[in-house]
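Open your viewer and keep the selection tool ready.

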Amino acid sequence: MTFLKNYLLDSNTPCLYYNLDKIKDDFKSFNANKNENIKLLFPVKSFPLRFFLDEISDYLDGFDISNNTEYESIKSYNKEFVSCSSPFICEEINEQVIHDVNSVDQKLHKNYYIRLNLNESSRFGIDLNSITKDLVHNSKGIHFHNQNWGDGAFDKISEIIKHFEENFVLRDGFHFNIGGGYNHISQDELLTELNKLSKEKLQYLFFIEPGRMFIKNNGFLVGKVLEIQNIESTEQTRVMSNISHTCHLRWELQGSGVNFYSLLAKGKENLYNSIQ
């Protein structure tokens, strides 16, 4: 905390301060305890900094990328699996990369996933009932797209796998990339559910793309309190800071209370020591 306090005294710019050792340990533990047919990918867009990727790359089976810049940042790691979630840059990236197909009319790449839309509010992916046998037969597998899984996620995943087994011919080694967004459960719970599913379906490869799950709660957003206003008529306290929800916390605007804690308070701690 001394470093953070000194930073606040010397700078007017907010910063994100991460516990990199803890994040690395989480990736290492997950990788060591997952089943053989589970592949751990990191979605580069969630933390696209080279020093960070260097730290976690040894515990990954590959990456998920969304543009050319992200591909350039990870290609030197020579991972076996690289998934590209953008369907619009297929011709610009190495043909070994597995590209998402986002519509039944899209030009198909040599290696592709069928991106499955499980959320009507999303613009990504193909509706389950629009997927054809030819599309499945020539694909590497299915890439699930759901903006935020809730309770019963793995029951839903099992139902979808059953649908594909009953309606299509799936070869051994078929990929089920179940993406990310498992914010309703812990890392241990996710690993338990995923190991159970993969053990029941040993003939398939399962891919997971946890980003926020490994990074959240492993650091601080550090800023300054600029002004405190006591509103007597409403018995409220307003705190103005140099932290912006839009710029600095945009991945956490929903489903996450943001706690503000004072490092520099002098006699007014009670006003903003734990404001949500």
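Which residues in α6 meet which residues in α7? Hold that thought while you set up. This is a predicted model, where local features need pLDDT of at least 70, side-chain atom pairs count only at pLDDT 80 or more, and totals for chains, interfaces and linings use all residues. Residues are numbered from 1 along each chain as its sequence is written, and side-chain values use heavy atoms, with hydrogens and water left out.

**Stop one: two helices**

Select helix α6 (residues 153–167) and helix α7 (residues 187–200). Helices here are DSSP runs (H or I, at least four residues), and strands are too (E, at least two), numbered from the N terminus. The two axes come within 11 Å and cross at roughly 25°. That makes α6 roughly parallel to α7 (angles under 35 degrees count as roughly parallel).

Now show side chains. From α6, F154, I157, S158 and I161 meet L190, E193, L194 and L197 of α7. Contact means heavy atoms within 4.5 Å.

**Stop two: an aromatic cluster**

Select Y18, F27, F30, F42, F47, F51, F52 and F214. Ring pairs link them into a cluster. Rings of Phe, Tyr and Trp (its six-membered ring) pair if their centres lie within 6.5 Å; planes under 30 degrees apart count as stacked, over 60 as edge-to-face and the rest as tilted. By this rule, the count is 16 aromatic pairs.

Pick F63 and Y77. Their ring centres are 5.5 Å apart and the planes sit at 35°, so the pair is tilted. F63 is in strand β3 (residues 62–65), while Y77 is in the loop between α4 (68–74) and β4 (81–84). They are 14 residues apart.

Buried or exposed: which is F63? At 0% relative accessibility, F63 counts as buried. Y77, at 16%, counts as buried too. Buried means under 20% relative accessible area, exposed over 50%, partly exposed in between (1.4 Å probe, protein chains only).

Methods
Axes fitted to C-alpha atoms, helices over the stretch in contact; angles between N-to-C directions. Parallel < 35°, antiparallel > 145°, perpendicular 65-115°, else oblique.
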